Amino acid sequence: GHPLTNVQQRDINAVLHPYTPLHKLAETGPLVMGHGKGVYLYDTQGKAYIEGMSGLWCAGLGFGDEEMIEAANEQMRTLPYYHLFGGKGMEPAIELAEKLKEIAPVPISKVFYTSSGSEANDTQVKLAWYYNNSLGRPEKKKIISRVKAYHGVTVMAASLTGLPGNHKGWDLPVDRVLHTDCPHHYRFSLEGESEAEFVARLAKSLKDMIEREGPETIAAFIAEPVMGAGGVIVPPSGYFAAIEPILREHDILIIADEVINGFGRTGNWWGSQSVGMTPTTISAAKQLTAAYAPLGAVLVPEDVYQAYVDHSAQLGSFGHGFTYGGHPVGCALGVKAIEIYQRRNIVEYVRGLTPTFEARLAKIKDHPLVGEVRSCGLVGAVEMVANKATKRSFDPAHGVGSNLAKFLEGHGAILRALGDTIAFCPPMIITEDELGELFNRFELALADTEAYVSK
Ligand code: PLP
């Protein structure tokens with residue numbers, strides 16, 4: 001490789017990077033970003049990159065939006081910090097909660113704020129446990145998640161996550177967390193099994209799990225409407241319609257993790273609307289503030305909320321909350337982001353781009369290294385395979401996906417390798433031309449990858 005620049009060397013000397021092969025970082029060199037504008041990022045050398053992942057599926061309005069900057073400045077001047085503990089309040093937290101109630105896909109009574117998606121999901125688990133304690137059934141505490149789910153990295157959120165990399169090394173998942181099947185037909189269907197048969201089998205498997213464990217021990221089921229970090233997995237149609245009655249029958253709360261899906265990403269305000277999911281409660285973060293500040297939220301319906309209120313005298317006040325949950329700058333940015341999404345009609349805009357996105361993915365599908373392409377709205381993925389006919393994956397040791405991502409950086413674009421699946425999640429404000437250019441650059445990187453693989 002190239003000799004490291006001064007800023008790269010300083011980075012390596014001082015920063016511990018998450019999700020990074022640290023033993024190789026000195027050789028590959030960190031990519032240190034300097035500034036961003038629109039969908040473009042510029043590294044400290046001035047090289048431009050199209051940001052095809054909205055950072056980590058979050059910067060839906062791209063970079064340098066003047067209205068967002070102004071909203072943050074104004075809130076900083078008015079009240080840069082306060083909190084919600086002990087019944088304190090602030091205008092931005094109220095306004096954002098009102099907005100969320102207005103746009104939520106199911107009736108919502110209250111909003112609980114966190115600083116992140118992991119904390120939102122941790123809060124969901126505590127709320128479900130507290131709820132069942134409130135109702136005098138302390139044994140109803142297990143949470144069912146899914147293989148390949150991604151719900152974050154705190155000890156509980158990592159347990160809910162269904163990816164080996166988040167478990168091994170930490171002795172996770174903790175007790176009380178179960179994982180049912182991943183609804184990925186391409187990978188997990190049986191020989192000749194139709195989507196409808198696959199869905200019926202998964203529903204049966206979930207039912208069996210609930211019966212085996214005892215429905216009186218299960219508090220909640222959590223799912224991303226469209227799975228993100230597990231590889232952008234869009235469930236077959238009818239999946240949620242098949243499993244939700246089984247959950248409701250046993251009084252199991254249904255938690256939608258909308259941390260990636262929410263706020264227009266899938267061509268609806270909420271991913272649950274795109275996949276026919278009807279949740280009890282919702283976790284939101286990321287595009288909630290378009291990533292201009294960290295913020296998470298848990299959206300709670302009236303009956304669940306009322307159970308806490310009814311029993312708070314016996315249980316004590318809900319003893320859970322984060323210093324920065326409902327941070328006024330985050331909330332002001334949430335209010336502004338939603339206002340911008342509404343004014344610029346972001347849902348319609350995403351729908352307008354979707355045919356181009358799908359057509360470019362469909363074109364890639366013919367490539368010999370590509371096993372499957374998938375998408376929902378403006379989030380998608382390309383899964384690369386060693387053998388198209390048998391769907392055989394590459395040996396992970398070859399790092400085919402991470403090599404493609406590296407080649408792509410060379411061509412001036414950023415996408416994320418999830419193993420050998422390459423995720424696409426461009427800022428929702430991307431133009432048709434910019435989206436075309438992102439795919440052009442991806443195709444160059446795919447050609448580089450083909451040359452690399454055949455070596
Ligand atoms: N849930 C989903 C679906 C996510 O994709 C993520 C992050 O990627 C999280 C939760 C965790 O959010 P955070 O990284 O803000 O803790």
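The buried residues of H9 are covered by elements that include strand E6 (177–180), helix H8 (185–188), strand E7 (218–223) and helix H10 (239–249). Contact here means that the C-beta atoms of two residues, placed from the backbone, lie within 7 Å. Helices (H or I, at least four residues) and strands (E, at least two) are DSSP runs, numbered from the N terminus. The model is a predicted one, in which local features need pLDDT of at least 70 and side-chain atom pairs count only at pLDDT 80 or more, while totals for chains, interfaces and linings use all residues. Residues are numbered from 1 along each chain as its sequence is written.

Helix H9 covers residues 195–213, and at 1.5 Å a residue its 19 residues should span 27 Å; the end C-alpha atoms are 27 Å apart, which agrees. The expected span is 1.5 Å times one less than the number of residues in the helix. Phe198, Val199, Leu202, Ala203, Leu206 and Ile210 of H9 are buried. Seen down the axis of H9, these buried residues fall within an arc of 135 degrees, so they line one face of the helix. The arc is that of the directions from the helix axis to the C-beta atoms. An α-helix has 3.6 residues a turn, so residues three or four places apart point the same way. On the other side of H9, Asp208, Glu211 and Arg212 are exposed. A residue is called buried if 20 or more other C-beta atoms lie within 10 Å of its own, exposed if 12 or fewer, and partly exposed in between, with C-beta atoms placed from the backbone. Just after H9, Gly214 takes a positive phi of about 95 degrees.

Strands count as paired if DSSP finds at least two bridges between them. The pairings are listed below, together with one antiparallel pair from another part of the chain.

| Strands | Sense | Bridges | Facing residues |
|---|---|---|---|
| E7 and E8 | parallel | four | Ala220 and Leu253 |
| E2 and E3 | antiparallel | three | Leu41 and Tyr49 |

Strand E7 is mostly covered, with six of its six residues buried.

Strand E2 (residues 40–43) and strand E3 (residues 48–51) belong to an open sheet of four strands in the order E1-E2-E3-E13, with mixed pairing. At the edges of this sheet are strand E1 (33–37) and strand E13 (413–414), each of which pairs on one side only.

Two loop residues can be set side by side. Is Thr266 buried or exposed? Thr266 has 28 C-beta neighbours inside 10 Å and therefore counts as buried. It sits in the loop between strand E8 (253–257) and helix H11 (271–275). Leaving out residues up to four places away in sequence, Thr266 touches Val226, Asn261, Gly271, Ser274, Cys376, Gly377 and Val379. The C-alpha atoms of Thr266 and Gly330, 64 residues apart in sequence, are 23 Å apart in space.

Ala386 lies in the loop between E12 and helix H15 (400–410). Ala386 is partly exposed, with 16 other C-beta atoms within 10 Å. Its contacts, again without residues up to four places away in sequence, are Arg392, Ser393 and Phe394. Ala386 and Val400 are 14 residues apart along the chain, and 9.6 Å separate their C-alpha atoms.

The chain is divided into domain 1 (31–64 + 346–453) and domain 2 (68–343); these bounds come from an automatic or database domain assignment. Taken over C-alpha atoms, the centres of domain 1 and domain 2 are 27 Å apart. The contact between them takes 24 residues from domain 1 and 24 residues from domain 2. On the side of domain 1 that touches domain 2, at least two residues each come from helix H3 (54–57), helix H14 (346–365), strand E11 (370–376), strand E12 (379–384) and strand E15 (421–424). H14 gives the most to this side, with five residues.
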